[in-house]
Amino acid sequence: MPREVEIARFKVKSDEGKEYTIIEYQEYIMDRKAAELTAEIEGFKRYTTEEELHVHVIDPDTFKIFETGEIVKRV
């Protein structure tokens, strides 16, 4: 079973001035082929707002909040 870790938080703002905090999560998966029992490999990253809205990454500084359709940029 993968484990998920919060790896970053940052502020973003829409063109209308609304601000959100985006949380970036990294999934880690056990590497069963590794000799070491604690070996993990990175899986998918997931982004949400603090309000748990879904976030789509457009580029490293631009995001789309799925539920509202807003395009936001890193502050």
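Before you click on anything, one definition: a charge sits over a ring if NZ of Lys or CZ of Arg is within 6 Å of the ring centre and within 35 degrees of the ring normal. Also keep in mind that this is a predicted model.

**Stop 1: a charge over a ring**

Select Phe10 and Arg74. The charged end of Arg74 is over the Phe10 ring, 3.8 Å from the centre of that ring. Now try Arg46 and Tyr25: Arg46 lies over the face of Tyr25, at 4.5 Å from the ring centre.

**Stop 2: the aromatic rings**

How far apart are the ring centres of Phe10 and Phe63? They are 5.4 Å apart, and because the planes are at 40°, this pair counts as tilted. Phe10 belongs to strand E1 and Phe63 to strand E5, so the pair ties together parts that are 53 residues apart in sequence.

Tyr47 and Phe63 make another tilted aromatic pair, with 6.1 Å from centre to centre and 45° between the planes. This pair links distant parts of the chain, since Tyr47 is in strand E3 (residues 40-49) and Phe63 is in strand E5, 16 residues apart. Tyr47 is buried as well, with a relative accessible area of 17%. Put together, Phe10, Tyr47 and Phe63 form one aromatic cluster. A search of the whole structure turns up 2 aromatic pairs.

**Stop 3: the core around the rings**

With Phe10, Tyr47 and Phe63, they make up the largest nonpolar core, 10 residues in all. Which strands each supply at least two residues of this core? Look at strand E1 (3-14), strand E2 (19-30) and strand E5 (62-65). In soluble globular proteins, nonpolar side chains tend to be buried together.

Zoom in on Val12. Leaving out residues up to four places away in sequence, Val12 touches several residues, including Tyr20, Ile22, Phe63 and Val72. Arg74, from your first stop, is also one of the residues that Val12 touches.

**Stop 4: salt bridges**

Side chains of opposite charge can pair when their charged atoms come close. How many salt bridges are there? The count comes to 7.

Arg74 is in strand E6 (residues 71-74) and Asp61 is in the loop between strand E4 (55-59) and E5, 13 residues apart. Arg74 is partly exposed at 37% relative accessibility, and Asp61 is partly exposed with a relative accessible area of 42%.

Then select Arg3 and Glu40, whose side chains meet in a salt bridge (2.8 Å, N to O). Arg3 is in strand E1 and Glu40 in strand E3, so this pair ties together parts that are 37 residues apart in sequence.

Move on to Glu24 and Lys45, which meet in a salt bridge at 3.3 Å, N to O. Glu24 is in strand E2 and Lys45 in strand E3, so parts 21 residues apart in sequence are tied together. Compare the two partners: Glu24 is buried, with a relative accessible area of 11%, whereas Lys45 is partly exposed at 45%.

Definitions and conventions: Residues numbered from 1 in each chain as written. Predicted model: local features only at pLDDT ≥ 70, side-chain atom pairs only at ≥ 80, totals over all residues. Heavy atoms only, no water. Core = buried A, V, L, I, M, F, W, Y, C linked by side-chain atoms within 4.5 Å. Buried < 20%, exposed > 50% of the residue type's maximum accessible area, 1.4 Å probe, protein only. Helix = DSSP H or I, 4+ residues; strand = E, 2+ residues; numbered from the N terminus. Contact = heavy atoms within 4.5 Å. Phe/Tyr/Trp six-rings, centres within 6.5 Å; stacked < 30°, edge-to-face > 60°. Salt bridge = Lys/Arg side-chain N within 4 Å of Asp/Glu carboxyl O.
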